Amino acid sequence: MTTTAHPTLAAYTTELVTDEDAFAGLAPAWGRLYRRCGTATPFQSHAWLHSWWRSYGTPGRLRLVLVRYGGELVGAAPLTLVHRPLPTLVPLGGAISDYADVLLADADDGRVADTLTRELAEAARTALIDFREVRPGGAAERVYDRWRGPCRKVPDSVCLELPAVSMDELVGRLPSGKAQRVRAKLRKLGSLGVRRDVVPPDGVDAALRRLLDLHRLQWQGRKVTTEHLQSRFQEHLVRSVGPMVRSGDAVVTEFRLDDEVVAVDLTLLAPSLAGGYLYGAHPRLRERKADVAVMLLDACTQHTGTGERGALSLLRGDEPYKHHWRPEPVVNQRLLLARRRTAPLLTAALCDAAARQRIKEVRQRWKERRQE
């Protein structure tokens, strides 16, 4: 069902949406607000979040906290209620989303943020609010700054970022020896005849299925993110990305060798960043000595070299191959918000986070010793 709260200051009204059909109907208003929030990433788009809910949401747990002004949507916090390990309101998008956030228009003078913060406190009477993976500067920080109850900010995942410049400029940032090797790899791609084509909207669904088939093939016999192999993930990706391509929030690129599609890449686009989300590549490329990482980054810079994006994000993960490009580590934030009555939940969450961090550090030291 959908419940509407009483009017707040002036013409501000608030609403708690718990119904999936009502969520679907928010698409036009959500899209207008999304375009006015410069810090938003494609993971906060309606197409991504509503599709995620259809694949991963638990019926009865949807919690969308909305703020309207004169009937127009001006603030939104897309959340879902979980009960384990603690009763908590967490962002929609889950583990398959690299960033989470709320939506607040850049032009807000603070009144919308104030209203959204109060309504979040009302929605979290008996639950903790746990905003995971908030990119520094995200709109959720404006809620955190206004929170009147117990709250804590702790580090979350590391994302590596490059400047949003052309491939030539990225190569120019490297030491001369590495730069020469990258240029040789780019020439190799040209001599092999690798051709890239941006997929039009009506071809996106088929291209994404090819992407997932190639992704499965490239990881065959190796450790892979198992969720990427699940049917629910494929359904989510196909359902969400088509609308995102049409709205300019995503681009799908196919790479052909001898007229055969040998790789497909999905890049997500926002004013604040562009980032390669997922790709699939045939082992034949590596057999032909093609450097897939260089090929993909070169394609991604086609959408960043104009300077319209704030950053070229390599998204979550601190893999060694990413460091070849001399990226800047940017640490996502985890924002924990409680009311006084739920302060013990905050303490428990902090203890759990500290324990997990200690385990991670021990494993890292053990791994380093094995490599000595």
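Biologist: Which residues of helix 8 meet which residues in helix 9?

Modeller: This is a predicted model, in which local features need pLDDT of at least 70, side-chain atom pairs count only at pLDDT 80 or more, and totals for chains, interfaces and linings use all residues. Residues are numbered from 1 along each chain as its sequence is written, and side-chain values use heavy atoms, with hydrogens and water left out. Contact means heavy atoms within 4.5 Å; helices (H or I, at least four residues) and strands (E, at least two) are DSSP runs numbered from the N terminus. Here Val204, Asp205, Leu208, Arg209 and Leu212 of helix 8 meet Phe233, Gln234, Leu237, Val238, Val241, Gly242 and Val245 of helix 9. By class, this contact has eight nonpolar, two polar and two charged residues (nonpolar: Ala, Val, Leu, Ile, Met, Phe, Trp, Tyr, Cys and Pro; charged: Asp, Glu, Lys and Arg; polar: the others, Gly among them).

Biologist: At what angle do the axes of helix 8 and helix 9 cross?

Modeller: Axes are lines fitted to C-alpha atoms, for helices over the stretch in contact, and angles run from 0 to 180 degrees between N-to-C directions. The axes of helix 8 (residues 204-218) and helix 9 (residues 231-246) cross at roughly 140 degrees and come within 9 Å. Helix 8 is therefore oblique to helix 9; angles under 35 degrees count as roughly parallel, over 145 as roughly antiparallel, 65 to 115 as roughly perpendicular and the rest as oblique.

Biologist: How are helix 3 and helix 9 oriented to each other?

Modeller: Helix 3 and helix 9 pack at about 160 degrees, with their axes 9 Å apart, and are therefore roughly antiparallel.

Biologist: What is the angle between helix 7 and helix 11?

Modeller: Helix 7 (residues 176-192) and helix 11 (residues 292-300) pack at about 85 degrees, with axes 10 Å apart, and are therefore roughly perpendicular. Val182, Lys185, Leu186 and Leu189 of helix 7 make the contact with Val294, Met295 and Asp298 of helix 11.

Biologist: Which residues of helix 2 are buried?

Modeller: Buried means under 20% relative accessible area, exposed over 50%, and partly exposed in between (1.4 Å probe, protein chains only). In helix 2 (residues 27-35), Ala29, Trp30, Leu33 and Tyr34 are buried.

Biologist: Is aspartate 202 buried or exposed?

Modeller: Aspartate 202 counts as exposed because its relative accessibility is 75%. Aspartate 202 lies in the loop between strand 9 (195-198) and helix 8.
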